[in-house]
Each structure stands twice: as C-alpha cells, then as structure tokens.
Amino acid sequence: MDKLLEVNNLRIVFDGESGLNTAVDDISFDVFRGETLGIVGESGSGKSVTALSIMRLLPEPPARIASGQILFHPGGQMQNVDLLGLEEEALRAYRGAKVSMIFQEPMTSLNPVFRCGHQVTEAIQLHQKVSFSEAKDRALALFERVKLPDPARIFRAFPHQISGGQKQRVMIAMAISCQPDLLIADEPTTALDVTVQKAILDLLRELREEQRLSMMFISHDLGVIGEIADRAIVMNKGTIVEEGNVEQILKQPRHPYTQGLVACRPSLHRKLYRLPTVPDFVENGRFDARIVSTIETESRRKTLYANKPVLQVEDLIVRYPASKNWLGNPVEYTHAVDKVSFDLFPGETFGLAGESGCGKTTLGRAIAHLTPIHAGAVQYKEANISALTEAAFRPFRKDIQLVFQDPYSSLNPRMTIGEAILEPMQIHRLHGNERTRKEKVVDLLETVGLTAEHTRRYPHEFSGGQRQRICIARALALEPKLVICDEIVSALDVSVQATVLNLLMELQEKFGLSYLFISHDLSVIKQMCDRLMVMNRGRTEQIGYPEDVFARPETEYVRNLIDAIPGK
C-alpha cells in the first residue's frame, strides 16, 4: 500500500508555569492510502494534540512542535510535502482541500452566527473557483449524501436549531466538500446516541469506499475503533504503547494499558461486582473479575421487590408549547413525557434508556420537581409530590437529589468545591453547626476518592471524572434516599467511567441508595441496572429486566437500539 502520511519522531511541548510539559513524546506512525488508522487512548494521552499538529492548528504559544516531521504525499504528486515546513499561505492549499478534520464538539466548531449552508458553501468557494449557486447545489447534494433530513431546511438553519447528530453530519459534509485525501475524525461520535453513532460510522465507511479516502479516527472507545479501523495505535501519556491490527489489539492486547482499556468497558454478556480499571492492569498487572451469578441476581431481586416502592410514577405527562397564537397563548403542545408509569423500589437501580429527545432527562427533572408536570402523579413514599408547590416540596428536596450530565456547568466556577458541598447542608440546616458540616465535607470527599486538600480548589482545577465525583459528593451531602443520575458517565473515558460506576455501586451498598439511572449506553445500563425502561418520543417502548429486554426486544425501536451497540 502507498503511504499517504508519515509522522516521524514527533515531539510536542507546552510552555507552563513550572516549565515545559511534553504532550507528545517522540512518536512515529504511517497512514496508508485507503485505510483507516484508529488512535485510541484516554483524555490527556496526546491523541487530539497529534491530530491538531497535522492540521497545524495547535495554539502557538503555549504549544510548540519541538522536533519531528509530518510528511504528506498528496495524490498526483511524486514529492513528499513536509507540512511542518510550509508557510501559512502555502498551508491553506492543503488544509481543508487535501487534509480535512471533523472536530470533537460540533457545537463549538460550527460558527453560531452563520447558517449551516453558508459555512459549507464558504469552504467550497475557498478552495474551488465556483459561483455561489454552484456551491449551494454542491452543499445540498452533500447534505443529502450525509443523510440529513430536509437538506433545504438545514441549509437555512443555524447550528442551535438542529440536533447534535445533525450538527455532526454538517461537519462531515463540510470536511468532505473538497474531496480530501485524508480525513481526521476526532472523537466524532462521543456522547451521541448509539443509533446516531452507528449511522455516522456507516456513513464514514461508505465515504472511504467511494472516494478511497484515508482516515485517522480518534476515540477513547475501543468498541468504536473496532467497528471502523483497519489498524490502531494506542497512546498513553504522549507515547505509543501498542500498534497493530485492530482485531489483534481487541482480542489479544499485549500492553497492560491496552488490556485495561479493553477490559474496563462494561460487557453485554456478563455483570461484574466491580469493573476493572486501567490502574488494575498497569499497576497490578492483572484483574480477577468476579461475575454476578444468576442465583445471586435472583436473590437480590427477591429481596428488592419484597418491599413497597419508594417512588411511584403514574401516567405522567410533561408538555411544552410547540406553537402560539398572535396573543402569545399556546395552541399546540409537544409531549416530552406522555403517560409514563413505573415503580422504583428501595435499593434498586432503575434504568432509563433511549435516544436524545426521548424524554429521559425531562422525566428525571419532573420527578426532582425541576420541570412542571401537566398531568399524572409522582408519589414518593406516602406523599403525592407532583401536587406540591415549591415551598411544600422543599422538605423532600434533600431526599431526592439529581446529578447532572455536565458536572462543569452544574458547579459554580466561583465557589471552591468545599463551599459547593457545604452549601446544601447549610440551606437544610443539617449536622448541627459549621464545624460538623466542614468535617462532613471532608468525609464526603474521601468517600468519593478525593482528599481534604481538594476543598480549597475550584472546579476548573479538576478533570472531568473528578468533577463528576464532586457532584456525587454534593448530592450525598443531604443524605438522600433517591439519586437521579442523568447521563453522568456519557462523555467520560472508559476507565474513568468504570471508576465512577464502581463508586456508585459501592455507595448504593453502603447507604442503601435507590438510583434512577439515565443513559443512552446500553452496556452501562446492563452493568448497573436491576430493571430497564426504554423510552421513545416520550412513551414507554419496553420495561423489564435488562437481560430479557436484550434477548427479546418487543418493538422495532428497541431492536434497532440494541443492534446499534458497537462491538456487540
């Protein structure tokens, strides 16, 4: 096979207050024409920095390429081009036209003040001498090619008016608009629903076959890498620890770090008492997985369902105005939650699964009294909490806590984490006095794997996984009976995800917590949940034990959701 890209001895450093920090340390790899190279590793491993260096998009300063070569061999040219040696003007001829990139977060990489169509036509006209009319026709054809519904509407739409999956398809259309030789996809499916993820992976495979496109596909999820890549390199702390055929890396990983990455993703075929993490392999060299047996599962269910439900949801309806008349009064409604009913028992983990927009989060927020309920009832123990005013609900607030999807936006950036955990205890006048409360803050931080030293730090000083632990500690500060977990591991690395899931299981056992566990990741649901409800367009599609739902899906929607799981 012909080499399209050669990266030789690349070293990238960042200037910090304490000196130089090496982000990428002397790595070398090749990308061949027509192949997909997977780059896998956790956050901070150097994956995205490597990709941005190829596009010459690193922020300089503080970033600096200390040494190395990035040689590109474009189609039709005999001589290699060193991308690192090109002047900015010459580089523009390659960036976008020969080498293109799909960025990790489409909302921040699409310009919010320009319509989607304008952004694609601008890319076409920048590299090809065509009129706006011709560029528009090409953009509409690309929107059809990437299977966007109603291309004409999306051409006129602003980024905030379309879904996450649609924004990602607009980014793909823009990236392939000039038929590049190399497409770099940086975590293009992270935090997307499994069905949207499958559609995007299928689309990228089709484009590769049709255009003989070469791809660098970056992900922290080896299951996704296994679906799309031919070869893979595994990165850790800026170095390549393993390289080879994808099948070999997934089935016979040699390096302890790779073994940890493969092992710590929850399995659809078994449930473990504790998920393995990367440190188990890197530091200890092995992990003895203890599988939960069928007898133990039956015994747990017998104990759980002998009790009265702690929460009963009956025919719950939550609706939003879809259109208003000229007086501003609603005339049509969208039913976000439409006659949903279920029970949640003490000590149970009840899973809510489904695609974005199915009503999972709205249902969780309605139970937590954060979203108005139109009809139906939510009964907590003996009280109908759905009928209560905010003031009347306040005594129940401490019993029902919600951990939000994005820990960074749910923490006040101006408060230290010690203050953030202390505040709810002060509001509810728990634990007697300030001294006892501050001792409780330290105890909670240690419970979630942090230390007393962390109390004086601010949210931006922590990693995503640490911030999620802080949010869990804040929820536990009020000693709740029911915790609603809203997609709390959806954007975390698989090892960090395993650590947080292990923590939730330990806390449930220690404090007897009940969880309403919301997720679009069915492998996580399978590991965590005693029962599962699948939602679609606000309604219940199926409810039952996870293994029964997986083995016998009752509707086509549930079947498609299960079939879309990567590496199943």
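Modeller: The model is predicted, so local features need pLDDT of at least 70, side-chain atom pairs count only at pLDDT 80 or more, and totals for chains, interfaces and linings use all residues. Residues are numbered from 1 along each chain as its sequence is written, and side-chain values use heavy atoms, without hydrogens and water.

Biologist: Which strands pair with E11?

Modeller: Two strands pair if DSSP finds at least two bridges between them. Strands (E, at least two residues) and helices (H or I, at least four) are DSSP runs, numbered from the N terminus. E11 (residues 311-324) pairs with E12 (residues 330-344) in the antiparallel sense, over 11 bridges. Val 313 has Phe 342 in E12 as its bridge partner. E11 also pairs with E14 (residues 375-380), antiparallel, over five bridges. There, Ile 317 stands opposite Ala 375.

Biologist: How many residues lie between E11 and E12 in the hairpin?

Modeller: Five, and Gly 328 in the turn has a positive phi of about 90 degrees.

Biologist: How are two packed helices described?

Modeller: By the angle between their axes and the distance between the axes. Axes are lines fitted to C-alpha atoms, for helices over the stretch in contact, and angles run from 0 to 180 degrees between N-to-C directions. The axes of H16 (residues 417-427) and H17 (residues 434-447) come within 9 Å and cross at roughly 125 degrees. That makes H16 oblique to H17: under 35 degrees is roughly parallel, over 145 roughly antiparallel, 65 to 115 roughly perpendicular, and the rest oblique.

Biologist: Which residues meet?

Modeller: Contact means heavy atoms within 4.5 Å. Ile 421 and Leu 422 are among those in H16, and Val 441 and Leu 444 among those in H17.
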